[in-house]
Amino acid sequence: MEYMPKDKTAVPPPTEYLPQHIGIIMDGNGRWAKARGLAREYGHRRGSEVFMDIARYCKKIGIRYLTVYAFSTENWRRPPEEVSGIMDLFREYLREAEEREQENAQKGLRIRYIGEREGLADDILELVDELERGSADKVRTTVNIAINYGGRNEILSACKRLAEQCARGERTPESLTEQDISDNLYTAGQPDPDLIIRPSGEFRLSNFLIWQAAYSEFIYSDILWPDYTEQDFDAALEEYAHRSRRFGGV
Ligand code: IPE
Ligand code: IPE
Ligand code: MG
């Protein structure tokens, strides 16, 4: 759809030009802290606050799905103190989200966890489960938080599940479709991300939604995630609205 809104100065762009699903690689926390002479954990803390602001903003403007990359399956390679600091932030966030569950549900906000359960502490898994038990009647915005998430691992798990079905004789390999893979990912039932935003000056996916991103638009910027603002987000939405998506057609 060519970008032709009645009011070209509208910020953010009108709903019909907004992406349904946005993925964000929340990167640059460490560099943000370093630039201020602070420990990396301060960057992660500020980054989690920015996440909460942007998630609220997404709900306000009617973005239906937001998926944020918070911790990858590869991030375990970091020093143990940094990893445990990040895990504590998740605990804090999940507890707070659980306390606000009622309020969020009324406002149509649903929070989901996506990622590999193995490797996460039991108390974090319990918090995630509690949060997922609650459900909003009319979900306006779903926020997927990717913790211990890896795209290759996600695809491998889907393949294993389908292979088991074949081994049990419930399916034949010939009958398998791309949709079967999509249906066995954490994001099953959700549209693929229309837009993936990566701040912090890196130009890569780092194993984020690699199956789902087949036709996503990408927007990169030099801003470090803890500095990211609603205005930066609006600018990305504006840029997205001008993109011409062809999906292989003309
Ligand atoms: C993203 O920020 C947060 C996580 C990966 C957990 P980084 O910690 O990667 O920040 P930089 O890239 O080192 O600046
Ligand atoms: C990607 O950032 C993961 C998250 C933002 C959670 P990284 O900082 O881990 O990615 P690389 O190492 O620069 O590719
Ligand atoms: Mg990084």
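1. The shell around ligand 2, where a residue counts as near if one of its heavy atoms lies within 4 Å, divides into five nonpolar, two polar and four charged residues. Here Ala, Val, Leu, Ile, Met, Phe, Trp, Tyr, Cys and Pro are nonpolar, Asp, Glu, Lys and Arg charged, and the others, Gly among them, polar. This is a predicted model, in which local features need pLDDT of at least 70 and side-chain atom pairs count only at pLDDT 80 or more, while totals for chains, interfaces and linings use all residues. Residues are numbered from 1 along each chain as its sequence is written, ligands are numbered from 1 in the order in which they are written, and side-chain values use heavy atoms, with hydrogens and water left out.

2. The residues surrounding ligand 2 include I25, M26, D27, Y69, A70 and F71. Strand β2 (residues 65–72) gives the largest share of this shell, three residues, strands being DSSP runs of E, at least two residues long, numbered from the N terminus.

3. Oxygen atoms of ligand 2 are found 2.9 Å from a side-chain N or O atom of N75, 3.2 Å from one of R78 and 3.3 Å from one of R198. Taken alone, ligand 2 exposes 390 Å², of which the protein buries 78%; these accessible areas come from the Shrake-Rupley method with a 1.4 Å probe.

Terms used:
A polar contact is a pair of N or O atoms within 3.5 Å; within protein, one must be able to donate a hydrogen and the other to accept it, and residues adjacent in sequence count only if both atoms are side-chain atoms. Helices (H or I, at least four residues) and strands (E, at least two) are DSSP runs, numbered from the N terminus.
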